[in-house]
Amino acid sequence: MTIKKVTTNKISILLGLFFGIILMVSFASNTAYATSQTTTTQDGNTTTTNSSNVDTLSPSNTVGGLNINYNNNGEGGLSANIKILLFLTIISLAPSILIMLTSFTRIIIVLHFTRNALNTQTAPPNQVLVGLSLFLTLFIMGPIFTQINDTAIKPLDAGQITQEQALETGLKPLREFMFKQTQTKDIQLFLDIAQINNIEKQEEIPISVLIPSFIISELRSAFIMGFLIYIPFIIIDMVVASTLMSMGMMMLPPTTISMPFKILLFILADGWNLIIGNLVKTFY
């Protein structure tokens, strides 16, 4: 207990010093200091000019020791610091975007159902399932990502379109993909909840309605496929359980005997080929 308390105290002291240094640097970097410059004219008079390190040309918002320039170049664009902040925010949300807007959800759920139906516990492990789901997602979404890159990212980088136009253009391929995989009743459900009426075209459906509708449809499709995967393995469990009861081996767990037969059936049927192949084909 003493060692743990000492270690905790040391960690607290180090964290305090670390954040203290950060605050000192942030406040010191925004502290205005005055400098004077003395010049001598031809008449022999001397003039003194005072200058400060405060930038009065670029508008900014200063809160405490944090200084944010939002119009640094005078052209209405964001400064480099704000762009970096937005970029880091997008990176932090990338996993959620990957799960919510792509085929990843359906793939990972179906693979987990397959592992549970085989009753192999941790084989294949979660890292393998997630990695396989990720590469299958990249395979399925590859043409869409290429289209987004060609129509939105490259023109924005070349300065041909604005950020708003790039966002609108980049969402079009994703919207088309999600509309193909989303059922109408799911979209209607969220339209009714949001009290949005008089929708005549798909383009009029807001993205805030389309994304949850797409997720619900993906969950439904994944659970339907998981149920179909379970059926042959349930039959094996029932046959093994009835056989053991007829032989009087009621104390022997049926799952222990049925698992080798499940694996054998999965190998003979080339299960991975069937499941992955049909799973990918559901997106086309």
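**Exercise 1. Which residues form a negative surface patch?**

Step 1. Take the rule for patches: members have over 30% relative accessible area and no salt bridge, like charges are joined within 9 Å, and nonpolar side chains (Val, Leu, Ile, Met, Phe, Trp, Tyr) within 5 Å. Asp and Glu count as negative, Lys and Arg as positive, while His and the chain ends are not counted. The place of a charge is NZ of Lys, CZ of Arg, CG of Asp or CD of Glu.

Step 2. The patch consists of Glu176, Glu200, Glu203 and Glu204.

Step 3. Look at one member: Glu203 sits in the loop between helix H6 (184-193) and helix H7 (207-246). Glu203 is exposed, at a relative accessible area of 65%. Here buried means under 20% relative accessible area, exposed over 50%, and partly exposed in between (1.4 Å probe, protein chains only).

A word on the model: it is predicted, so local features need pLDDT of at least 70 and side-chain atom pairs count only at pLDDT 80 or more, whereas totals for chains, interfaces and linings use all residues. Residues are numbered from 1 along each chain as its sequence is written, and side-chain values use heavy atoms, leaving out hydrogens and water.

**Exercise 2. Describe the make-up of the protein chain.**

Step 1. Count the elements: there are nine helices and four strands. These are DSSP runs numbered from the N terminus (helices H or I, at least four residues; strands E, at least two).

Step 2. Follow their order from the N terminus: α-β-β-β-β-α-α-α-α-α-α-α-α.

Step 3. Check burial: 25% of the 284 residues count as buried.

**Exercise 3. Find where Arg220 and Asp186 lie, and how their side chains meet.**

Step 1. Recall that side chains of opposite charge can pair when their charged atoms come close.

Step 2. Arg220 and Asp186 meet in a salt bridge of 2.7 Å, N to O (a side-chain nitrogen of Lys or Arg within 4 Å of a carboxyl oxygen of Asp or Glu).

Step 3. Since Arg220 lies in helix H7 and Asp186 in helix H6, the pair ties together parts 34 residues apart in sequence.

Step 4. Asp186 is buried, with 3% relative accessible area, while Arg220 is partly exposed at 25%.

Note on methods
Areas by Shrake-Rupley, 256 points an atom, 1.4 Å probe, with all protein chains shown as cover.
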